[in-house]
Every structure is written in C-alpha cells, then in structure tokens.
Amino acid sequence: MREIKKGDIVTRNSYGNDLFFIVKKIIKLANKKEIAILKGMNARVEADAPIDDLKLVNKEEQNRFEKELEQKINNRVKIKKKEQQNRIREIVYTGKILHLDGDKRYSQKSIQCYKKMGLKAIVKNIPENKQSRNVYRLLTIYNPDILVITGHDGMIKNGARYNDLFNYRNSRHFIQTVKEARRYDETHNKNLVIFAGACQSYFEALMEAGANFASSPARILIDFIDPLIVAKNIAITDKNKYITIDDFEGELRDGKRGINGLGARGKKDIMFL
C-alpha cells in the first residue's frame, strides 16, 4: 500500500472505519512516528490519528460515498410544494444568511444547498482561527439577519474535561467570533440570530458568548448540513413568531443532543399581492 499523504481520503481502523476523513496535514514526531490531522467528510469533526491506524479509501468507495452524500443532502434540503405554491400569490422576503465555514469543501456544498432551498446566503470559507478577525467587517458589508459560524471541532480528550476550553480544537475561536458578532450587533441594533459550533463544540460557552443556537450539548458529532437546517428554519419563519429547537428538532440528525439553544424570532417577511 502506498504512503498516506496530505489530501488523501482515509478511515480509522481503531474506530471500525466508520467515518471518512480528508488528511489535512501530517506531523512527524520526535520518535519518528507520524500523526495525521483529519477533517471529517460528512461530519464537522477534526481529529488526529497515527498514520498506521489509517486505511486509504479507494476510488470506488469514494465515488459511492459522494453519491450517497449528495442523495442525503438532496433529501434534507427539499422545499415543500406548499411553500412554493404560496410564493405565486405573495412576495416572500426570507432572512439573509452570512455563513462562515472553516472547511473549503463544505463551503462549496453549502452554497449549493442554500440555492436548492431558495435562500439568500453568502458563504465565506475562512479558517476557524481567523473568523473572529473577519466577522465584524463582513457583517458590516453584508448586513445579514442570520449568522452561521462553523467549520470543524472536536474534543482532544474525549469523555473528560468538558469545562476546559483548551480541550476543544476550535471552540475558543467560535466563541471569540460570537463575541465579535455581538459587539457589531450592539452598535447596529440588528437583532442578529447566531448559530455557532461544529462537532463536540463547547455548547455552554458558545451560548454564554451570545449564540441563539449552538452545538454540541451531548458532545457528539453533528452532520455537515445541521447548521444549514438551523439557518433555514430561522430564515423561513415569520418575523412575528418565536422559533425554538422544538420546531425543527426532527430535521436534525441527532436532535437536541447535537444542537440546542434559546431560540429566536424568525426573519421572514411577507408582502401579499
């Protein structure tokens, strides 16, 4: 078998080869062993693993995975026919979304998903550790109603140190980005609705920082599309209605275990013809 390199698609033998990952980079340790930093292909998780624990995914498996993922996405982003029929008789202004994503591949897929859902969304691929430096400027430029802050995350030591911010790979960056967004909100009085987080993110700290919805209360993996589902439901909910997780829990892969929050007012406005 050939040597594993950056950009390869792999699975982890020690986890039963359950998830597909892209190799982000390879780190050589002092003892000559190599560790791969991995990014999930259908879950918003970042992890590491010894090179000798990885299995290369062949082209046939990759193609099958991509087709299954595309079908899964299509099934989850369908707009109900009733909503489409209503739009003939009224002008519907759905909430405008600004989506910051630390993963380039997910950013591209998110653009496609928002288009399929008929939503107004600007998606920016910005690494998690640079999102807080850019969010205020982008909010000023695009003036959105909804902000999605996501990418990849994960606990360094699973099942322990839940309240240690530095036991999370990217939660501290998401938290700082939420704080910067709220600083913008205080100045512009926008009443911005914020989703923040990825797999296993520090839910309580994200909520304390000012998010309306966040992941992950049970410190589990979340699906690639879960943050988009949150944004969609806020965008298409009437501005006079307060929406909570109970209104769309069934659309999320793992319900309240993966995502929860305090809720928010919807961002849809309607002008009848």
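**Figure 1. Asn191 sits in the loop between H5 and strand E10 (193–196).** Welcome to this predicted model, which we will visit one close-up at a time. Asn191 is not a glycine, yet its phi is positive, at about 55°. As background, most residues other than glycine have a negative phi.

**Figure 2. Gln200 is found in the loop between E10 and helix H6 (203–209).** Here is another residue other than glycine with a positive phi, this time near 60°. Is Gln200 buried or exposed? Gln200 counts as buried because its relative accessibility is 10%, and the cut-off for buried is under 20%.

**Figure 3. Ser215 and Ser216 are joined by a cis peptide bond.** The omega angle of this bond is about -5°. To find the place, look for the loop between strand E11 (213–214) and helix H7 (226–235), where Ser216 lies.

**Figure 4. Helix H7 is mostly covered.** How many of the ten residues of H7 are buried? The count is ten of ten. Among them are Pro227, Leu228, Ile229 and Val230, and also the charged-class residues Asp226 and Lys232. The buried stretch includes Ala231, Asn233, Ile234 and Ala235 as well.

**Figure 5. Lys232 is a residue of helix H7.** Lys232 counts as buried because its relative accessibility is 12%, which falls under the 20% limit. Which residues does Lys232 touch, leaving aside its neighbours within four places in sequence? They are Met117, Leu119 and Glu251. Lys96 can be looked for in this view too: Lys232 and Lys96 are 136 residues apart in sequence, and their C-alpha atoms are 9.8 Å apart in space.

**Figure 6. Leu165 lies in the loop between strand E9 (146–150) and helix H5 (171–188).** Leu165 is partly exposed, because its relative accessible area is 26% and that class runs between 20% and 50%. Leaving aside its neighbours within four places in sequence, Leu165 is in contact with Ser171, Arg172, Ile175 and Tyr202. One of these, Ile175, is ten residues from Leu165 in sequence, with a C-alpha to C-alpha distance of 9.9 Å.

**Figure 7. Helix H1 (residues 59–76) meets helix H3 (residues 104–116).** Two packed helices are described by the angle between their axes and the distance between the axes. In this view, the axes come within 11 Å and cross at roughly 35°. The crossing of H1 past H3 is right-handed. On the H1 side, the contact is made by Phe65, Glu66, Leu69, Glu70, Ile73 and Asn74, while H3 brings Arg105, Lys109, Gln112, Cys113 and Lys116. Sorted by class, this contact has five charged, four nonpolar and two polar residues.

**Figure 8. The second largest pocket holds about 300 Å³ of space.** Rolling a probe the size of a water molecule over the atoms shows where empty space is left. The lining of this pocket is made of 19 residues. Which of them lie nearest the centre of the pocket? Those are Arg12, Tyr15, Ala47, Met155 and Asn158. Strand E4 (residues 46–50) gives the most to the lining, with four residues. By class, the lining has nine nonpolar, six charged and four polar residues.

Terms used. Residues are numbered from 1 along each chain as its sequence is written. This is a predicted model: local features need pLDDT of at least 70, side-chain atom pairs count only at pLDDT 80 or more; totals for chains, interfaces and linings use all residues. Side-chain values use heavy atoms; hydrogens and water are left out. Axes are lines fitted to C-alpha atoms, for helices over the stretch in contact, and angles run from 0 to 180 degrees between N-to-C directions. Helices (H or I, at least four residues) and strands (E, at least two) are DSSP runs, numbered from the N terminus. A crossing is left-handed if the near helix is turned anticlockwise from the far one by less than a right angle, and right-handed if clockwise. Contact means heavy atoms within 4.5 Å. On a 1 Å grid over the protein atoms alone, a cavity is a set of points where a 1.4 Å probe fits but cannot get out, and a pocket is an open set with protein on both sides within 12 Å along at least five of seven lines; lining residues have an atom within 4 Å of a point. Grid points are joined across faces, edges and corners, and a volume is the space filled by probe spheres set on the points. Buried means under 20% relative accessible area, exposed over 50%, partly exposed in between (1.4 Å probe, protein chains only).
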